[in-house]
Amino acid sequence: MHTWFGNSTVKPTPGDMEAIVGHLSFCLHRPGDLSPVAAREFYTWTSTFDLAASAMTPAQFDRLKAVWAFMAYAHNEECFMPVVNMLAGHPNFLVDVRSVPALMAALFPAHPDARKWKEDFERAMALNAKYHVRPDVSSWGTKGGRHTENLACYTLYNLKAMLNPIMALQRVWGEHTVAYPNYAKWLTWLLNALSAPVEGTRHVPSQGAHAGGHVDDYAAPLTLRSAAFGLRAIEPLLAEHLLRVSPAAARGYAERERNTEIWRAVDAAPHDGNTGTRPPLRSSAYTGYGFVLRAAVGEPAEASVHLQQIDEGPNYRWGRAGQGGCGVISYYAAGKRLSFNRKEDVGDDNMGDVQACCNFGVLNGHEFRSVGRGELTEPLRDLGFAQFARVLAGPYASPAYHSRSVLMSGSDYIVIYDQVGDMRVRGRFAWFVQENDPFPTICQLKPGVSGYEAAPGIPAELGPGAYRNVNDESKGKYYDGNGHFLTLVSPHGKGDYGYLLEVEATVYGAAVVLNDRRDFVFRDESAIAFEEDGVLFDGHAGIVRQYSAEKAEAALFVGSRIGAAGVVLEVAAAATTEESNDEGLPVSFSFVRNGNELSGGYASGSGAVMTLTLPESLSDTSYRLYIDGISLEPQVSGHCVSFNLPAGRGQWEWTERLSTPAAVQFAGYRATTGIAELIWEPAEGAESYEIAVSDDGGSNWTAAASGISGELDTTLQLCWRLTGTNGTKRHVRIQAVNRDRKGPWSEDYPVYFTGESPERADGLRIARTKRGFQLTWGWQLGATGYRLYRREYGEGSFAVIYEGDRPVYDDEAADPACIYEYCVAVCNGNGEGLASPPRDTVPGGLTDWDPKPAEKFRRYTRSHEYGYHGFDHWENDSKPVLSYPRSGNYAPQSE
C-alpha cells in the first residue's frame with residue numbers, strides 16, 4: 001500500500017490521482033484480495049482526491065469519482081464485512097472496511113447512495129461499540145468502558161481510524177455519527193487508564209501487542225484530543241478532560257514523524273490551544289481490565305498502579321504472556337516510570353508469563369504461570385490514604401496460585417502479596433524497567449530471597465509472528481523462592497538519610513519506617529492477631545501509619561478490628577453476602593486521629609454494626625457521630641460507641657463540632673453575554689459557600705465570593721453570577737462551609753463567556769419504546785435549555801414538542817402509525833443555536849440500528865487469534881458464550 005502519499009509535503013495533483021487509479025492502488029488492482037488492512041490506503045487516497053479535485057477537469061472528476069464510488073460499494077457489501085446478518089471483526093478491521101464508504105459519503109454528499117453509506121457506517125460503529133465495550137457490573141463494583149482490543153495499540157488504532165470518517169462526515173453532514181453511549185464510555189476508560197505523569201505527560205501503559213505503536217511513544221496521543229473536539233457539543237466535560245491529557249503538540253497515535261499526518265489539516269485538535277480542564281482521576285476497577293489505583297493526583301508525588309486481569313471474551317491482542325497480561329503491574333510515581341516491558345513482551349511474542357514483565361508466577365512443570373484470566377469479583381477498597389486491590393487466580397494457575405494483591409500506602413510505596421497454595425509451591429517474582437531507567441526500591445520481605453539480574457530474553461520461537469530477536473531495551477530482576485511472596489516497591493531510595501529509612505519483614509507483614517512516621521503493614525493468608533504498643537489488628541490485610549501517640553491513620557481492608565493512638569474500631573456484626581470469603585467480612589473501614597479530631601471512611605456491600613472504643617480525651621458528652629454529614633444517635637456505653645454503617649461508601653466523623661461539609665456537585669451554568677450564572681446542588685452540612693476562579697487553567701486560584709447563603713431551601717439548586725469577557729475561558733470551583741469547617745473543593749469546572757448563541761446541537765438519537773419514542777441528545781456548557789422539534793416525515797415546518805433543561809424526552813404523544821422527523825436546538829441567554837440535522841423514524845433506519853435491543857453485552861469467548869504456534873483449536877471450538885451479572889448492590893467506587 002502506498003500510504004506514503006499521506007506524508008508528502010507537496011499538494012497532490014490530478015496526475016497523482018490518475019497514478020493511484022492506474023497502478024498504485026492495491027484495492028483497485030487486486031480486488032480479489034480486498035482486506036481490512038488493504039482498505040487503510042483510502043485514509044490517504046481520500047485526502048489526496050479532496051486536495052486534487054479543484055484542478056481536475058469535469059471528465060476527470062466524473063471518472064475518478066466513479067472509481068471511488070465503486071470502491072464504496074465493494075467495501076459496503078454484506079458479503080465482505082457483514083453487519084446486518086452478523087457482526088464482522090476484529091473491531092478495528094470493521095472500522096477499516098466500513099470507513100471506505102463513509103469517506104466517500106463525505107467526499108460526494110450529493111451521490112444518490114451517500115446517505116446510505118453514511119448511515120451504514122453509523123450502524124456498524126454503533127454495533128461495534130455495543131458488542132466490544134464492556135459494561136458496568138454493579139454487583140462487582142466495576143465500571144464499564146474496556147474495549148475488546150488491547151490498550152497500548154489496537155484500541156487506539158481503532159479510535160484513530162474511526163476518527164477520520166467521523167471528522168469528515170461531521171464537517172459535511174453536520175453531525176457526529178458515532179455519538180452513542182458506549183462511545184463515551186470507551187473514551188472515559190481510555191482517559192482513566194492513563195498513568196500518573198512521566199516527566200509531565202500521562203502515559204498509556206504498555207499493555208498488549210505493539211505497545212507504543214511504531215514509534216515507542218507512550219505519551220497520551222493526539223488521537224484523544226481529536227476525539228475530544230468532536231464531543232464538545234455532546235459530552236463537553238469528557239471533552240475538556242481529554243483536552244487536558246492530550247496537548248495540541250502531542251504526536252498522533254503511531255505518527256512516525258511529528259506533524260506529518262495529512263489528516264491534521266482537517267482536525268482542529270493540533271491547531272487549537274485549548275488546554276481543557278483537569279480530570280478528576282480516581283482509583284477505579286474496570287470490568288474485564290483490572291484495577292487502577294491512584295494517590296496524590298495533581299501533586300508532584302502523584303502515583304498510579306495498574307493491576308491487570310482481563311476476563312474471558314471477547315479479547316484481541318492483549319498478549320500471550322499471562323493469558324493477556326494477567327497479574328502484570330504497571331507502576332508510575334513522582335514523575336517517573338517505575339516499570340516497563342517491551343512492545344511484544346506481553347504482546348504477540350511467545351514469552352513466559354514472568355519472563356520480561358512485572359509479574360509473579362508459580363512453577364508448573366517447566367514454566368511459571370501467573371494468575372491468569374478471571375472475573376474481577378473482588379471489590380476495590382479505597383480508603384483515601386491507603387487502598388487495596390486483589391485479583392483471584394483462575395483455573396490456569398489455581399490451586400497452586402491463589403491471588404495477587406496490592407496495598408498502596410499513599411504515594412509512598414506499594415506492598416504486593418502473592419498468595420500461593422502452600423509453602424512447597426515454587427514461585428518467581430519479576431520486575432523490569434526500561435534499560436536506561438533506574439530500578440525502584442524493591443524489598444523482598446517474604447520469603448526473603450535475594451534478587452538477581454535478568455535479561456528480558458527473546459521469544460521461544462523466531463519464526464513468522466516473532467517481532468523481536470534482540471535481547472535488549474529492558475532489564476530486570478528475578479526473585480525465586482517457595483511459599484507466599486510479600487514484596488515492597490517504592491519510588492523512594494532506601495537509606496539512613498532518605499525518606500524511606502527502613503523496611504523490615506515481621507510476623508504480621510512488614511514494618512516501614514519513614515522520616516515522619518512508622519507504618520505497620522498487615523498482610524498474610526493466615527489470620528493475624530496483633531497487639532503491641534497500642535497498635536491492634538485482627539484480620540488479613542490492613543495498615544497503621546503512626547505519627548505520634550495522638551496521631552495515626554489506620555485502614556482495615558480484610559478483617560474485623562484495628563486500633564492505634566488510643567482508638568479501636570471493630571466490626572460487631574456484619575451481614576454476609578457473596579463478598580464474604582474465608583479471609584474476612586465484606587466491610588472495610590478506616591479512621592484518622594489527629595489530637596481531638598477523629599474521622600474515617602468505610603466501604604461495605606451490605607452494612608455493618610461497628611464498635612468504636614475511645615480514649616478519655618475523646619469521650620466527652622459533647623461529641624456527636626455523623627455519617628455522610630448526617631447526625632446519628634449511637635449507643636454510648638462509657639468509652640464505647642456502637643453504630644450502624646450503611647451499605648455503600650462514605651465518611652464518618654466523631655466530633656464536638658459540626659461535621660465537615662460534603663463536596664459540592666456542579667449542576668452547570670447558564671450563559672448570557674459577559675455573564676455565567678453558576679448552578680450547584682446543596683451540599684450536606686453546608687451553611688454557606690465560597691467560590692474561587694482561575695484564569696490559567698487551574699494552576700492558580702483567587703477568591704471570587706464567600707458567604708453565599710446555602711440554608712434557605714436545601715431542595716433547590718443554588719446559583720451565583722460570575723462575570724467575564726466574552727471569548728474567554730475561566731475555571732471555577734466551589735467549597736461548602738459551615739461555622740466550624742470547610743469542605744473539599746469541588747472539581748474544576750470550565751466556564752466559557754460568550755455573546756453568541758450555542759453551537760449547533762449534536763448527538764440526537766431516537767429509540768422506539770412501547771409508548772412511542774425516546775429521544776436523547778448531547779448537552780452543552782452554558783445551556784439554559786433545549787427545544788425539541790417534530791414534524792411528520794417530509795411534511796411542512798417543525799413544531800416544538802418539548803422545552804426543558806434535560807437532554808432527554810419521551811415522546812408518548814406520537815402516533816405509532818406515522819413516520820416522524822425530529823431535530824433539536826440548544827438555547828442560552830443569547831438565543832437559540834442552529835438545530836441539529838433531522839433524524840427520522842423510518843422503519844429499518846437508524847432508529848432501528850440495533851437488531852437485538854434487549855440483548856446486553858455478549859461475552860463471546862472464542863478466540864480468533866490463530867496465527868501463532870500452540871493455539872488450541874479443539875479447546876477453542878467448545879468455548880461458551882457468557883454474560884455478566886445484571887444487578888447487585890455494591891456501591892459506586894468513588895465518592
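**Contacts, a helix and a sheet**

R790 places its charged end over the ring of Y820, at 4.8 Å from the ring centre. A charge sits over a ring if NZ of Lys or CZ of Arg is within 6 Å of the ring centre and within 35 degrees of the ring normal. The ring of W745 likewise has the charged end of R733 over it, 4.7 Å from its centre.

The model is a predicted one, in which local features need pLDDT of at least 70 and side-chain atom pairs count only at pLDDT 80 or more, while totals for chains, interfaces and linings use all residues. Residues are numbered from 1 along each chain as its sequence is written, and side-chain values use heavy atoms, with hydrogens and water left out.

Aromatic contacts come next. A pair of aromatic rings is described by the distance of the centres and the angle of the planes. Rings of Phe, Tyr and Trp (its six-membered ring) pair if their centres lie within 6.5 Å; planes under 30 degrees apart count as stacked, over 60 as edge-to-face and the rest as tilted. The structure holds 37 aromatic pairs. In one of them, the ring centres of F360 and F485 are 4.9 Å apart and the planes are at 55°, so this pair is tilted. F360 belongs to strand β6 (residues 359–364) and F485 to strand β16 (residues 485–490), so the pair ties together parts that are 125 residues apart in sequence. Helices (H or I, at least four residues) and strands (E, at least two) are DSSP runs, numbered from the N terminus. Both F360 and F485 are buried, where buried means under 20% relative accessible area, exposed over 50% and partly exposed in between (1.4 Å probe, protein chains only).

The rings of Y508 and F520 are also tilted, because their centres lie 6.2 Å apart with the planes at 35°. Y508 is in the loop between β17 (500–505) and β18 (509–514), and F520 is in strand β19 (residues 518–532), 12 residues apart. Y508 is buried, with a relative accessible area of 8%, and F520 counts as buried at 6% relative accessibility. Elsewhere, F42, F49, F61, W68 and F108 form one aromatic cluster.

Which residues of helix α1 (residues 14–24) are buried? They are P14, M17, I20, V21 and L24. These residues cover an arc of only 165° around the axis, which puts them on the same side of α1; the arc is that of the directions from the helix axis to the C-beta atoms. The buried residues of α1 pack against α2 (26–29), α4 (41–52) and α5 (58–75), with contact meaning heavy atoms within 4.5 Å.

Salt bridges number 53 in the structure. The term stands for a side-chain nitrogen of Lys or Arg within 4 Å of a carboxyl oxygen of Asp or Glu. Between R839 and E122, the closest N and O atoms are 2.7 Å apart. A network of salt bridges links K118, E122, E175, R765 and R839.

D136 and K185 also form a salt bridge, at 3.2 Å from N to O. D136 is in the loop between α7 and α8 (154–173), and K185 is in helix α9 (residues 181–192), 49 residues apart. D136 is partly exposed, with a relative accessible area of 46%, and K185 counts as partly exposed at 25%.

The last topic is a sheet. Five strands form an open sheet in the order β1-β2-β3-β4-β5, with antiparallel pairing. β1 (284–286) and β5 (336–337) stand at the edges with a single partner strand each, so one side of each is left without a neighbour in the sheet. Two strands pair if DSSP finds at least two bridges between them. β1 pairs with strand β2 (residues 290–295) in the antiparallel sense over three bridges, and Y286 has G290 in β2 as its bridge partner. The two strands form a hairpin with three residues between them, and G288 in the turn has a positive phi of about 70°. β2 and β3 run antiparallel and are joined by six bridges, with A295 opposite A303 in β3. Six of the six residues of β2 are buried.
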